Amino acid sequence: MELHPTINANAAGEAFVTPALFDRIVQSPHNLIAILTADADDVVAQFRLLALRTGQSVYYWQEDAGITSLREREMRVPGSKRATDALRYILQSPQFGVYLFTDFADHLRQPNTGLLRQIARSRNVAGRKVVFVGDEIAMPDGIDALLETISHQPVAGTRPRLRDGRWVV
C-alpha cells in the first residue's frame, strides 16, 4: 500500500476536496484510490460541491440507488445497484469519471475482487478512478498493493486572533 503525506483540513471551513486533490486523483498512476477519513459523508459532500462548481464527472455508488451523478442528482446508471454490476459498468464504460464508494467492506468478495483487480491493472480504464472513502479500508491481499492511499485528518478549527498588532493562531 502506497502512503502519501496526510492532508489536513481545517474544520473552520477549509475544504479537503479541492481541485488540486481532484487533479491528484485523476493523474494518479493507480486506478484504485482510498481516502482514509473519519467523516466519509463530509468528504462525499465536498466532492458533490466540487462536481457542481467545476462540472467534473463524479459519481457515487450506493447500494439502494446504484451509481448516481453528484453533479446531476437525477442521473442514475440503470442496473448498477449491485456492486458487481457497478464495477462491470466502470470497467466497460468509455467515459471519464471518478467513482466514489463508501461502506464497501461487505462487498469485498468474489466476483467483486476480481473486477477490482481488472480495474486496477487495466490501462484501458484511463480516466476512470475508483475511490473508496471511509475510516477503515481493508483490501484483500493483492489488491492492497494496487491501491493509492490518501489520509484526511480534520484539524480542530482555531480562529486567528489579533494580539499586539499581529495575527496569532
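This is a predicted model: local features need pLDDT of at least 70, side-chain atom pairs count only at pLDDT 80 or more; totals for chains, interfaces and linings use all residues.
**Overall fold**

The protein is built from four helices and ten strands. Read from the N terminus, the order of the elements is β-β-α-β-α-β-β-α-β-α-β-β-β-β. The chain has 169 residues, and 44% of them count as buried. Among contacts with a separation of 6 or more, 69% are between residues 24 or more positions apart.

Residues under 20% relative accessible area are counted as buried here.

β4 pairs with two strands. With β6 (residues 97–102) it runs parallel, joined by four bridges. With β5 (residues 66–69) it runs antiparallel, again through four bridges. A hairpin of three residues connects β4 to β5.

Tyr 59 has Tyr 99 as its bridge partner in β6, and it stands opposite Ser 69 in β5. Tyr 60 lies opposite Thr 68 of β5. In a regular strand, side chains alternate between the two faces of the sheet.

Ser 80 belongs to the loop between β5 and α3 (83–92). Its relative accessibility is 1%, so it counts as buried. A polar atom of the Ser 80 side chain lies 2.8 Å from the backbone nitrogen of Ile 67. Apart from neighbours within four places in sequence, Ser 80 is in contact with Trp 61, Gly 66, Ile 67, Asp 85 and Ala 86.

Thr 113 is located in helix α4 (residues 112–121). With 7% relative accessibility, Thr 113 is also classed as buried. Beyond its neighbours within four places in sequence, Thr 113 is in contact with Leu 108, Pro 140 and Ile 143.

**Aromatic rings**

A pair of aromatic rings is described by the distance of the centres and the angle of the planes. The structure holds six aromatic pairs. Two of them are listed here.

| Pair | Centre to centre | Angle between planes | Class |
|---|---|---|---|
| Phe 101 and Phe 132 | 5.8 Å | 40° | tilted |
| Phe 104 and Phe 132 | 5.3 Å | 45° | tilted |

Phe 101 is in strand β6 and Phe 132 in strand β7 (residues 128–134), so their pair ties together parts that are 31 residues apart in sequence. Phe 101 counts as buried at 1% relative accessibility, and Phe 132 does so at 3%.

The rings of Phe 104 and Phe 132 also form a tilted pair, since their planes stand at 45°. This pair links distant parts of the chain, with Phe 104 in the loop between β6 and α4 and Phe 132 in strand β7, 28 residues apart. Phe 104 and Phe 132 are both buried.

Which residues do ring pairs link into a cluster? They are Trp 61, Phe 101, Phe 104 and Phe 132. One of these, Trp 61, is also among the residues in contact with Ser 80.

Key: Residues are numbered from 1 along each chain as its sequence is written. Side-chain values use heavy atoms; hydrogens and water are left out. Two strands pair if DSSP finds at least two bridges between them. Buried means under 20% relative accessible area, exposed over 50%, partly exposed in between (1.4 Å probe, protein chains only). A polar contact is a pair of N or O atoms within 3.5 Å; within protein, one must be able to donate a hydrogen and the other to accept it, and residues adjacent in sequence count only if both atoms are side-chain atoms. Contact means heavy atoms within 4.5 Å. Rings of Phe, Tyr and Trp (its six-membered ring) pair if their centres lie within 6.5 Å; planes under 30 degrees apart count as stacked, over 60 as edge-to-face and the rest as tilted.
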